[in-house]
Amino acid sequence: MTPAPSLNTVLSRIGETQAPLPAAAAVLVGLAALAAVSLQEIWLVARHVNVIAHEGAHAVIGSAAGRKVRGVTLRSNADGKTRLDPGKMPGNITIGVVGYLGPSAIGLGAAKLIQLGHSVAVLWRALLLLAVLLTTMRNFFGILAVLLTGWLLYVVVRYASVGAETVAACGLSWFLLLSGVRMVVDDGIRAGDAGILAGITHIRPVMWVRLWLVGTAIALGVGGVLLL
């Protein structure tokens, strides 16, 4: 059995560069991510990662807009809610829009970092974001979901080889890009964010859904090119 790398070795990889996967390998990883998004049995579990990214995007943008994050709730039915201090309408619109675009935006950013040779940094950044999000969790299922996701990531960054970390980063990017599209399609005009935005702007929910669908589709196309 190959011994686990030392902690210093693991941490030193963050500042190093790693070669992206060959195109053929990246395609195979993408197909595996597509299976996770398409097969209902897998999706019912995997979709919680998308919800974590969705609510995390609300929290990050809300905080950047000067709102205090009162708490984030994740539910077992893949629903979630982020409670923020009230504020002015432009901020409310931005916070409302970003949720369904958040997973795709994170996946796109990860794809760019991977293209630049920073696959390991993708995983560590994801782990850091999960740690920050954990402090905002206000229910047991949410805490459990974030802890489990973080633990899986930690196992990879602590014990896996550089090659395995590169595959994991690529898989995470593909999954977020693909799941972003599926979640918009699945929720459609029933999306809570669409109703909230309609109430604020008097723009029909279907228009917000179309915006999200275009945005997530563009992110998938651009991210796919970067990963290949």
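These legends accompany close-up views of a predicted model.

**View 1**
Helix α7 covers residues 162–187. The helix has 26 residues and reaches 37 Å from its first C-alpha to its last. That is close to the 38 Å expected at 1.5 Å a residue.

**View 2. Thr166 in helix α7.**
Thr166 has a relative accessible area of 4%. It counts as buried because that value is under the 20% cut-off. Neighbours within four places in sequence are left aside here. Beyond them, Thr166 is in contact with Gln18, Ala19, Leu21 and Ser119.

**View 3. The aromatic pair Trp43 and Phe175.**
A search of the whole structure finds 2 aromatic pairs. In one of them, the rings of Trp43 and Phe175 have their centres 6.3 Å apart. Their planes stand at 45°, so the pair is tilted. Trp43 lies in helix α3 (residues 40–64), and Phe175 lies in helix α7. The pair therefore ties together parts that are 132 residues apart in sequence. Both partners are buried: Trp43 has a relative accessible area of 1%, and Phe175 is at 8% relative accessibility.

**View 4. The largest pocket.**
This pocket holds about 1400 Å³ of space. Its lining has 47 residues. Val49, Leu130, Thr149, Leu172 and Leu176 lie nearest the centre. Helices α2 (23–38), α3, α4 (89–115), α5 (119–134), α6 (140–159) and α7 each supply at least two lining residues. The largest share, 11 residues, comes from α3. By class, the lining has 39 nonpolar, 7 polar and 1 charged.

**View 5. The second largest pocket.**
About 690 Å³ of space lies here. The pocket is lined by 30 residues, and the closest to its centre are Glu55, His58, Gly80, Asp193 and Ile196. Strand β2 (80–84) supplies at least two lining residues, and so do α3, α4, α7 and α8 (192–201). The largest share again belongs to α3, with 6 residues. The lining divides into 10 nonpolar, 10 polar and 10 charged residues.

Methods. Residues numbered from 1 in each chain as written. Predicted model: local features only at pLDDT ≥ 70, side-chain atom pairs only at ≥ 80, totals over all residues. Heavy atoms only, no water. Helix = DSSP H or I, 4+ residues; strand = E, 2+ residues; numbered from the N terminus. Buried < 20%, exposed > 50% of the residue type's maximum accessible area, 1.4 Å probe, protein only. Contact = heavy atoms within 4.5 Å. Expected span 1.5 Å × (residues − 1). Phe/Tyr/Trp six-rings, centres within 6.5 Å; stacked < 30°, edge-to-face > 60°. 1 Å grid on protein atoms, 1.4 Å probe; cavity = no way out; pocket = protein on both sides within 12 Å on 5 of 7 lines; lining within 4 Å. Points joined across faces, edges and corners; volume = space filled by probe spheres on them. Nonpolar A, V, L, I, M, F, W, Y, C, P; charged D, E, K, R; others polar.
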